[in-house]
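Here is a walk through the fold, taken piece by piece.

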Amino acid sequence: MFRRILVANRGEIACRVIQTARRLGVETVAVYSEADARAMHVRMADAAYCIGSAASSDSYLRGERVLQVAADSGAEAIHPGYGFLSENADFADAVAAAGLSFIGPPGSSMRAMGSKDAAKRLMEAAGVPLLPGYHGEDQAYETLSAEADKCGLADGHPVLLKAVLGGGGKGMRIVRSQGELLAAIESAQREAAASFGDARLLVERYLDSARHIEVQVFCDSLGGAVHLFERDCSVQRRHQKVLEEAPAPGVSPELRESLGAAAVRAARAVDYVGAGTVEFIADASAPNHFYFMEMNTRLQVEHPVTEMITGLDLVEWQLRVAAGEPLPLSQPELSLSGHSIEARIYAERPAANFFPASGTLRHLATPPEEGVTVAPAEVRASTDGLATRVDMGFVRGDDVSVFYDPMVAKLIVRGPDRAAACRRLHAALGQWQTVGLPTNVSFCRRVLETPQFLAGEVHTAFIPQHHDALFPPTPPPPPHLMALAAACWVAEMQPHAAHAAHAGHAAGGCISATQ
């Protein structure tokens, strides 16, 4: 095991890695930007180094500065967390070239999965199910049009155009008729070229009602590979997940086995090492029909729900595998028990299209943490295994900056079954208190109140489909609260008014103000 590691990230994931390292007796080194000088991960680490200004392009994305800190601090390995440098193949190679261990996959595996067309050809060769589509080099309109017809456009089924190097919805267009195709191709190609420097497109059949089901995989450097079951991440806004759960609702043991086997084949096809997630898309009405979407070559934000149902610490597994150890457990030794759901707590305004917010956490109270993540199968499957966990990157008084992702925390629960987990998460969200900036806590509670979510009827169009229930009209504040707010405003303004009046008299005249 390593003696000291550097955590090349911030926020809750940096704190999460530090917690496990501390439990294992591994020292930690934090890096931070000038905006994060008082951040929680800086206070938790054994040592901390400033690597630049607030902008991530001048701090957390400066791989050469991270490597210099690793050398100066005596770190033996670098954990990238997620985001920032976590899926940067050149950085992974540079870490290895510096004689350090990268706590993640090799750069070659990242490159193999980084190009969507090349990845799909690899998956096809490995026998991983793919959506009907075209992943070829010929980008002529005639070819793309013919392939779109083969994908079902000629029969009235929609198709999806996707940039080969795309991400975040850029270079992506849904086409529902031949009359829309030419304009959609030209538009997608322009956006792809501007965003990624590559105008090439894929063509795939589009599923209007889809499930986003992903499988956690783990591989070691000795040839071992396992899956740690599936998660459902279908409830999304702006192509980002809001609620994640494990196991996925409605997945039979036979389908679970098929998903896991396909995910392991995908990982083996690129000589994977470490924690990874293979994402599949499935027809919401027939989830047995699932198709490879992409592989995330890092630890996922939603990894805690997998920890809850397996009773494992995935960060510990990462450290052990990166240190050259074999996987701690084989596939037959892994078990799934209980049900876990995670809510991502964002500083944002859901009613304003989830517009991100920033500000100071003037007050923050979270539900009490109960139970433990690492627990035997028989405990996880019973009421003795009820658990509430809060993964935080902030405390009261901290600033949520405009420079970074607005996620404040993750709230994770476990119950013996899905109904119990839903009730527990709903109650825990009701205990969450934040003053100083808006959050999506009430929105998450409304999702949990819909009969469709409680029935497990989740899909990627869930939020727009249930818009009226999730975004009810906001009632005016009660009169007593309006009166209290007015009194507070008057009390706050009185010292300013007195100072202005004094200054005006001292100047021998009156003070005027314009707006």
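Four strands make an open sheet in the order β6-β9-β7-β8, and their pairing is antiparallel. The edges belong to β6 (133-134) and β8 (172-175); each has a single partner strand, so one side of each is left without a neighbour in the sheet. Bear in mind while you look that this is a predicted model.

Inside that sheet, β7 (residues 159-163) and β9 (residues 201-205) pair in the antiparallel sense over five bridges.

**The parallel sheet**

Look at β1 and β4 next. Strand β1 (residues 4-7) runs parallel to strand β4 (residues 77-79), and three bridges join them. One landmark to click on is L6, which stands opposite I78 in β4.

**Helix against helix**

Two packed helices are described by the angle between their axes and the distance between the axes.

| Helix pair | Angle | Axis distance | Crossing |
|---|---|---|---|
| α1 and α11 | roughly 65° | within 9 Å | right-handed |
| α3 and α4 | roughly 25° | within 11 Å | right-handed |
| α13 and α14 | about 155° | 9 Å | left-handed |

Angles of 65 to 115 degrees count as roughly perpendicular, so α1 and α11 are roughly perpendicular to each other. On the α1 side the contact is made by R16, V17, T20, A21 and R23, while α11 brings L314, V315, E316 and L319. Sorted by class, this contact of α1 with α11 has five nonpolar, one polar and three charged residues.

Next come α3 (residues 63-73) and α4, whose axes cross at roughly 25°. Angles under 35 degrees count as roughly parallel, and α3 and α4 are therefore roughly parallel to each other. In this pair G63, V66 and L67 of α3 meet F91, A94 and V95 of α4. The residues of this contact divide into five nonpolar, one polar and no charged.

The last pair is α13 (residues 418-430) with α14 (residues 441-449), packed at an angle of about 155°. Since angles over 145 degrees count as roughly antiparallel, α13 and α14 are roughly antiparallel to each other. From α13, the residues C422, L425, H426, L429 and G430 meet V441, C444, R445, L448 and E449 in α14. This contact divides into six nonpolar, two polar and two charged residues.

**Two backbone spots to check**

Which residues does a cis peptide bond join? They are A246 and P247, with omega at about -5°. You'll find P247 in the loop between β12 (240-246) and α9 (253-269).

The other spot is F84. Its phi is near 50°, a positive value in a residue other than glycine.

**Stepping back**

Zoom out, and the protein has 18 helices and 23 strands. Its C-alpha atoms fill a box of roughly 85 × 60 × 50 Å, taken along the principal axes. How does the radius of gyration fit with a compact globule? For 515 residues, a compact globule would have a value near 24 Å; the protein has 25 Å, which agrees.

How values were computed. Residues are numbered from 1 along each chain as its sequence is written. This is a predicted model: local features need pLDDT of at least 70, side-chain atom pairs count only at pLDDT 80 or more; totals for chains, interfaces and linings use all residues. Side-chain values use heavy atoms; hydrogens and water are left out. Two strands pair if DSSP finds at least two bridges between them. Helices (H or I, at least four residues) and strands (E, at least two) are DSSP runs, numbered from the N terminus. Axes are lines fitted to C-alpha atoms, for helices over the stretch in contact, and angles run from 0 to 180 degrees between N-to-C directions. A crossing is left-handed if the near helix is turned anticlockwise from the far one by less than a right angle, and right-handed if clockwise. Contact means heavy atoms within 4.5 Å. Ala, Val, Leu, Ile, Met, Phe, Trp, Tyr, Cys and Pro count as nonpolar, Asp, Glu, Lys and Arg as charged, and the others, Gly among them, as polar. The radius of gyration is taken over C-alpha atoms; the globule rule is 2.2 Å times the number of residues to the power 0.38.
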